[in-house]
Structure formats: structure tokens, C-alpha cells
Amino acid sequence: KQPSMRTAFLLLFNLACLRGAYSGGGRSRFTSIISFGDSYADTGNLVMWPEPFFPGPLPFENLPYGQTFFGHPTGRVTDGRLVLDFIAEALGLPFVPPYLAKGSNFSAGVNFAVAGAPALTLTYLQGQNLTVNPPINSSLHDQLEWFQKLKPSLCKGQGADCFGSSLFIMGEFGSNDYRNILMSNRTVEQALVYVPLIVDSISRGVERLIQQGAKYIVVADVFPTGCIPPILTMLASPNKVKYDRHGCLKSGNRLGRYQNSLLRQWIKLLRHEYPHTKIITAEYYRPVLAFLDMPGHFGLNSSTTLLACCGAGGPPYNYDFNAGCGLPSVKACADPSRALQWDGFHLTESAYRAVADGWLHGPYADPPIMHVEF
């Protein structure tokens, strides 16, 4: 029996879609990754920081950091791999080396992200009488300066289209600004004032990369600050009305929601202004809420979604400001692969794997990285 015209058309259409999906973002289309960000993306810059700002090793230079995949601490602030690592794996590229790892080969990418990095500069934040921790020049602006400095050696002998097959990943940025503001005894209302400045810093950063020749840029949003153990511990309230159905603080999540909606508006404008650059929006906010909504669907333990796996103090959040993960007395939970929160501020490898999957294949990126047309 001959296939009908409709069947034949659908078959061709499906084949075309498959070709688009695979040739469009296939394993070898991107030849390098250039990353900017904070501890959600740092693969070792903060632990290699040249001038000491902290007595002795940083807590995340100790186990149980790194125990899951690497078997030892790597400078990543989690138990294993980050979203960036899973993206590199999916694209058939090596893990992205930190910029400060002198003597590294940056031909397949370089990572400028630094744990603790804010969107706004140290000078600006300190000028606002805010306590910045760590007090170093690692902001988005500083990372872009590093990129500028390295660009000639990245582009040696490659001509004008040096970054034609590079995937740039911008962010996330913003949560360290809010952390510094809230830890400086400011209210969420006072922190909201800084949101437009933070978004302006990110969008200017994206524009600067486009002007430097970036053709493909992933721009990440900020995760829901009101859902993390330190903020839940610091701003705890007996008033149930202050919490949403996930158990997150509504006030804390106002910051992320405001930043993300402003950032989306900016990206719309940038896409219009630079039609030849593919700007991919990527989300941390929605996946974290999805993990809280349906933990079982992602293989997570529903009774511990708001508890730090590696922390102290027990329920409800297992977070103690004086007993952080990486200190000798603080142990990790028995099965980090079923936990959402790693040390209070950061997620587990399991959660990052699910976020990365949503960036690569949807629904947490627009367009998904693997569907990008070249």
C-alpha cells in the first residue's frame, strides 16, 4: 500500500526537523565555550585567586565538595558537576578551564566565572556602604576586562569571525548582589532599588560581547532567592502568609521575579537591535520551582527540598551561618543525588544536570541550545 501524500509529507517534515535538531546544534558545531558568572559556573577561579582575602583554604576546597563525580574538591561550589560541565559534555567539548589556571589550553573555551561575583562592581557596592564578601574585583565588569585582555590570544590567526562557532554563556548574575545587600542589614524593599542597575550591567555586558564578535550568547536568569536555606533562615517568620505553596519566602522571590522580567524586556530589545546574533534565554528560576513542585519527577527526595544536604542544625533548613559545608564538623547527607540543595546557597549535581537538560533540549531555554540553527 502506497503511503498517502500526508504521511509522506509528515515523514519528510520529521526528517527535516531531525536534521535541524542535530545538524543545528550537533556535537561539533560549537568549537568552544566562553563563560561568565558566579559560583553557579565557577570551575576554579576563586580558589586560584592571586591575593589572599581569606585566612587559610576556602571551605569548598575541602571534601565533601567534589565528592560525587570528581572524588575530590575542584573549586566548584557543589558536590560534583555544574550546568556548564553538562553543556560542555553534551557539545563534545572538554570541561571549560578557569581563566586563572595559568598555562591552560583555552582553544576549546575559557571560564571567567568567579564564585561570589556580583553584577555590580566592588567600588560601587562598597560606595553604597554594603559589606561585600569576598571583597575582590570579580564582578561582571572585571570578567569582561579579562576577556578583553585574553581576546588577542584567543583569536590569533583567525580573522574577523573568530567567535563564529563559540557559545558564550552569560550568568547567572545578581544573586550575590542581593546576598551582599541583605547581609548588610538592608530589607528586600531596599534591595529592589538595585534591580534595574543589575539588569543594566548584564545587558551592557551582553552588548559588549556582541560588539566583540559573539554570535551565540546564552543569557541566564536568576534563581528564586526566597527558596534557599540561608535566606529562609535569616528572614524566617512565624507568619504563614509570608510563604508560598513551596515554602519559599514570597518577599525573597520578588527580587528574582523583578530581575527576570526586566531582563526579558532588555533581551527583546537586544534581539531587535542585533538580529545577526542568536541570544538564547536560559532559566534557573522556573526549574527550581519545578523541582519543588514535582521533586519525584526529577528523582529528588520530596521531604528535603528546602534542607541543605551539607549543613548543620537539622530541619527545617539544616543551615547554620557558623557551621558551613566544608568545615570539619559538617557532614553531607547520605544521598546527595536525591537532594536539591547542596550547601544552602548552591544546588546539587543532580539538580544542575536537570537544569542543563532543560537548557540543551528545552523547556528551560529559548531556543534550546541543541536546536540552534547555524
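Predicted model: local features only at pLDDT ≥ 70, side-chain atom pairs only at ≥ 80, totals over all residues.
The chain contains 11 helices and six strands. Its radius of gyration is 21 Å, close to the 21 Å that the globule rule gives for 374 residues, so the chain is as compact as a globular protein of that length. The C-alpha trace spans about 70 × 55 × 40 Å along its principal axes. Of the 374 residues, 57% are buried. Among contacts with a separation of 6 or more, 72% join residues 24 or more positions apart.

Charged side chains number 30 positive and 27 negative. The centres of the two sets lie 6 Å apart. Nine salt bridges were found in the whole structure.

One of these pairs Glu-349 with Arg-81, with the closest N and O atoms 3.0 Å apart. Glu-349 lies in helix H11 (residues 349-361), and Arg-81 lies in the loop between strand S1 (32-36) and helix H2 (83-90), so the bridge ties together parts that are 268 residues apart in sequence. Both residues are buried. Glu-349 also meets Arg-353 in a salt bridge, at 3.5 Å from N to O. These two residues are four apart in helix H11, about one helical turn. Arg-353 is partly exposed, at 43% relative accessibility, whereas Glu-349 has 6%. A network of salt bridges links Arg-81, Glu-89, Glu-349 and Arg-353.

A further salt bridge joins Asp-200 and Arg-204, at 2.7 Å from N to O. Both lie in helix H7 (residues 195-211), four residues apart. Asp-200 is partly exposed, with a relative accessible area of 24%. Arg-204 is exposed, at 55%.

How values were computed. Residues numbered from 1 in each chain as written. Heavy atoms only, no water. Rg over C-alpha atoms; globule rule 2.2 N^0.38 Å. Buried < 20%, exposed > 50% of the residue type's maximum accessible area, 1.4 Å probe, protein only. Contact = heavy atoms within 4.5 Å. Lys, Arg positive; Asp, Glu negative; His and termini not counted. Charge placed at Lys NZ, Arg CZ, Asp CG, Glu CD. Salt bridge = Lys/Arg side-chain N within 4 Å of Asp/Glu carboxyl O.
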